[in-house]
Amino acid sequence: SSWYVSKGDNFFYILVFVIFVRSTMDPTVVTTIIMRVKGGEPPSGAVLAPKLGPLGMSPKKVGDDIAKSTQDWKGLGVTIKLSIQNRQAVVEVVPSSSALIIKALKEPPRDRKKEKNIKHDGNLSFQDVVDIAKIMRSRSMARSFAGTVLEILGTCKSIGCTVGGECPREIQKKIQSGELPVPEED
């Protein structure tokens with residue numbers, strides 16, 4: 001009789017597994033995974049496997065898709081949003097303001113392992129700052145577009161670049177005093 005109990009237990013575990021697999025394989029469900037990666041490089045399988053394994057996805061294939069999608073951001077840390085539906089992954093790059101500023105400085109890609117503590121001492125035009133603020137507006141906490149421009153100028157200050165040949169702090173003071181008008185967002 002113990003054989004029948006064991007057989008019944010196995011049936012129960014198989015039933016639970018089938019229900020779990022059916023619920024995770026629903027083709028209408030969209031699973032979103034947000035993670036930070038180095039641009040142009042596939043993340044290691046050890047990072048992707050715990051997130052993608054339960055969804056039945058290959059970490060190697062998704063890693064290659066991520067590397068292909070982040071090629072424009074080579075050498076920079078960017079946030080990506082993986083949308084997975086019906087075992088198909090779509091990679092969307094969600095850049096931070098610092099990544100956009102460094103990209104606007106047009107610095108050559110660098111080897112992160114060899115070159116450390118890089119100074120980003122380039123110069124941006126005020127129009128570049130406004131363009132970056134337009135991209136970041138939806139994620140900004142500022143009430144007005146001028147506030148978003150001030151946030152981007154603060155990021156420029158922390159990175160170490162200048163804006164129009166001046167310190168970003170000086171540009172911020174000119175905006176706050178009304179001396180430098182900020183164009184309206186489109």
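Helices (H or I, at least four residues) and strands (E, at least two) are DSSP runs, numbered from the N terminus. Lys 60 and Asp 64 both sit in helix 3. They are 4 residues apart, about one turn of the helix. The two form a salt bridge, and their closest N and O atoms are 3.8 Å apart. A salt bridge here is a side-chain nitrogen of Lys or Arg within 4 Å of a carboxyl oxygen of Asp or Glu. Lys 60 is exposed at 62% relative accessibility, whereas Asp 64 is partly exposed at 36%. The cut-offs are under 20% relative accessible area for buried and over 50% for exposed, with partly exposed in between (1.4 Å probe, protein chains only).

Helix 3 also holds Lys 61 and Asp 65, again 4 residues apart and separated by about one helical turn. This pair forms a salt bridge too, with the closest N and O atoms 3.6 Å apart.

## Basis of the model

The model is predicted: local features need pLDDT of at least 70, side-chain atom pairs count only at pLDDT 80 or more, and totals for chains, interfaces and linings use all residues. Residues are numbered from 1 along each chain as its sequence is written, and side-chain values use heavy atoms, with hydrogens and water left out.

## Fold and surface

The chain has 7 helices and 5 strands. Along the sequence they run α-β-α-α-β-β-α-β-α-α-β-α. Of the 186 residues, 33% are buried. Contact means heavy atoms within 4.5 Å. Among contacts with a separation of 6 or more, 58% join residues 24 or more positions apart.

The chain exposes about 11,900 Å² (Shrake-Rupley method, 1.4 Å probe). Carbon and sulfur atoms supply 56% of that area.

## Nonpolar core

In soluble globular proteins, nonpolar side chains tend to be buried together. The largest nonpolar core in this chain has 41 residues. Such a core is a set of buried Ala, Val, Leu, Ile, Met, Phe, Trp, Tyr and Cys residues joined through side-chain atoms within 4.5 Å. Ile 101 and Val 149 have the most contacts inside the core. Helix 6 (residues 145–159) gives the largest share, 7 residues.

What does Val 149 touch, leaving aside its neighbours within four places in sequence? Val 149 is in contact with Phe 126, Val 129, Ala 133, Ile 175 and Val 182.

## Cysteines

The whole structure contains 0 disulfides (pairs of cysteine sulfur atoms within 2.5 Å). For Cys 161, the nearest cysteine sulfur is that of Cys 156, 3.9 Å away. Cys 161 is buried, at 2% relative accessibility. Cys 167 is in no disulfide either, and the nearest cysteine sulfur, that of Cys 161, is 9.8 Å away. Cys 167 is partly exposed, at 30% relative accessibility.

Side chains of opposite charge can pair when their charged atoms come close. The salt bridges number 3. Glu 166 is partly exposed at 29% relative accessibility. Lys 174 is also partly exposed, at 23%.

Gln 71 lies in the loop between helix 3 (59–69) and strand 2 (77–85). Its relative accessible area is 38%, so Gln 71 counts as partly exposed.
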